[in-house]
Amino acid sequence: MEIRTLRYFLAVAREENMTRAADLLHVTQPTLSKALKALEDELGKKLFIRRSFSIALTEEGALLRDRAEDLVTMADKIEKEFLSLDDIAGGDLYFGLAESYQIRYLAREIRAFKETCPGLRYHITSGDTEQVTEKLDKGLLDFAVICDAPDTRKYEFVPFPEGDVWGLILPADSPLAEKNEILIDDLAGLPLFTSEQGWEGDIRAWAGDRFGELRLEGSFRLAYNASLFVKEGLGYQLSFRDLVDVSEGSGLVFRPLTPRLEVKLYLIWNRYQAFTPVAERFLAQVKGRF
C-alpha cells in the first residue's frame, strides 16, 4: 500500500466525485480509477458505493479514511522533519492543545523562539486530553498540553506557571450572580454544561459524595459554544476562568467555585521520543523559562 494511493483515496473520499478528485490531483480519471480498484483488490473490501453523480464511502471505506489520514499526516511530518535536519533557522513543531487561558504562556514562548528561529512553522490542533494524547502517542505531535496529571510511565512534562480556576458562568441577571462564590448547594439540581472530561474528572472529585445531586444538561468540548447555550437560558456552565467573555455588556458573569478548584496545566511529550533539532531547542527554552 503506497502513500500516493492513500492520497488518491482521501481526495476521492473528500470530493465524493472522481472527476473533481482527478483534477485536484492532476491525474487522469482512468489512472485514478485504476489505482482505487487496485487498492480495493489489495484490501479485499469494497471502499466506495458508486452512484450516478457521486461516490460515497462504505463502512470499510470510512475506516480506511480515518487510518489513511493519520498515515498521510505522519508521512508528511517525517518528510518535513528530515528536510529540517540541516535547517538551523527553521523547522516544524506540532502541538495538541487543551482549551485554557494559560495557553498564553506557550504562545509567548513560541513568539520568543521565533526571534532566534525565524523560519519556524508551527501547527496547532485542539482537543481534550484523550484526543491530543492519542495523536501524541501516534507520533503526529511533538508536544501536547493537557489539564490532567500526566502518566509519568509514558510522558515527561513541564508544568505551566499558573493553574486554571473552575467556576460557574451564568447570566448576569441571575440571582446567583449576586454571590461572590458558588457552593455545591447552589449547583444542586441546576442544568449544567461542561466537558465530559471535566465532569467525570475535576467536578466529580470536587463534589465528592454529593456528585449525584448535580445534573449534566449537555456536554461541550468548546467553552464558547456552551456559553451560547447559557445566553439562551438553557443552563449554567462549569468552566475555567477566562475562557469565555464575561466583560461588562457580555450578559454573562463568572463566579469561582468554593472550595476553590484549581488544576494545573502541563506541557508533555513522549518519554522516549526522538526530537528534531528544532523541537529540542524549543524544549530547552521552555524548561529554562517555565
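This is a predicted model: local features need pLDDT of at least 70, side-chain atom pairs count only at pLDDT 80 or more; totals for chains, interfaces and linings use all residues.
Q: Why is glutamate 15 called buried?
A: Buried means under 20% relative accessible area, exposed over 50%, and partly exposed in between (1.4 Å probe, protein chains only). Glutamate 15 has 19%, so it counts as buried. You will find it in helix 1 (residues 3-15). Leaving out residues up to four places away in sequence, glutamate 15 touches Arg20, Ala21 and Leu24 (contact: heavy atoms within 4.5 Å).

Q: Which label, buried, partly exposed or exposed, do glutamate 16 and histidine 26 get?
A: Glutamate 16 has a relative accessible area of 45%, so it is partly exposed. Histidine 26 has 73%, so it is exposed. Glutamate 16 is in the loop between helix 1 and helix 2, and histidine 26 is in the loop between helix 2 and helix 3. Neither is a glycine, but phi is positive in both: near 55 degrees for glutamate 16 and about 60 degrees for histidine 26.

Q: What makes helix 2 and helix 3 roughly perpendicular?
A: Their axes cross at roughly 105 degrees and come within 9 Å. Axes are lines fitted to C-alpha atoms, for helices over the stretch in contact, with angles from 0 to 180 degrees between N-to-C directions. Under 35 degrees counts as roughly parallel, over 145 as roughly antiparallel, 65 to 115 as roughly perpendicular and the rest as oblique, so this pair is roughly perpendicular. Where they meet, helix 2 (residues 18-25) brings Met18, Thr19, Ala21, Ala22 and Leu25, and helix 3 (residues 29-43) brings Gln29, Leu32, Ser33 and Leu36.

Q: How do you know that the buried residues of helix 8 line one face?
A: Gly198, Trp199, Asp202, Ile203, Trp206 and Ala207 are the buried residues of helix 8 (residues 196-207). They fall within an arc of 130 degrees, so they line one face of the helix; the arc is that of the directions from the helix axis to the C-beta atoms. On the other side, Glu196 and Ala205 are exposed. The buried residues pack against strand 6, helix 7, strand 7, strand 8, strand 9 and strand 11.

Q: What puts the buried residues of helix 9 on the same side?
A: In helix 9 (residues 223-231), Ala223, Ala226, Ser227 and Val230 are buried. Their arc around the axis is only 105 degrees, which puts them on the same side of the helix. Strand 6, strand 7, strand 9 and strand 10 are among what covers them.

Q: What makes a group of residues a nonpolar core, and which members of the largest one touch the most others?
A: A nonpolar core is a set of buried Ala, Val, Leu, Ile, Met, Phe, Trp, Tyr and Cys residues joined through side-chain atoms within 4.5 Å. In the largest, of 48 residues, Phe143 and Leu187 touch the most other members. Beyond its neighbours within four places in sequence, leucine 187 is in contact with Leu168, Ile182, Leu192, Trp206, Leu214, Leu238 and Leu257. Another core of 19 residues lies apart from it, with Tyr8, Leu47, Phe48 and Val72 among its members.

Definitions and conventions. Residues are numbered from 1 along each chain as its sequence is written. Side-chain values use heavy atoms; hydrogens and water are left out. Helices (H or I, at least four residues) and strands (E, at least two) are DSSP runs, numbered from the N terminus.
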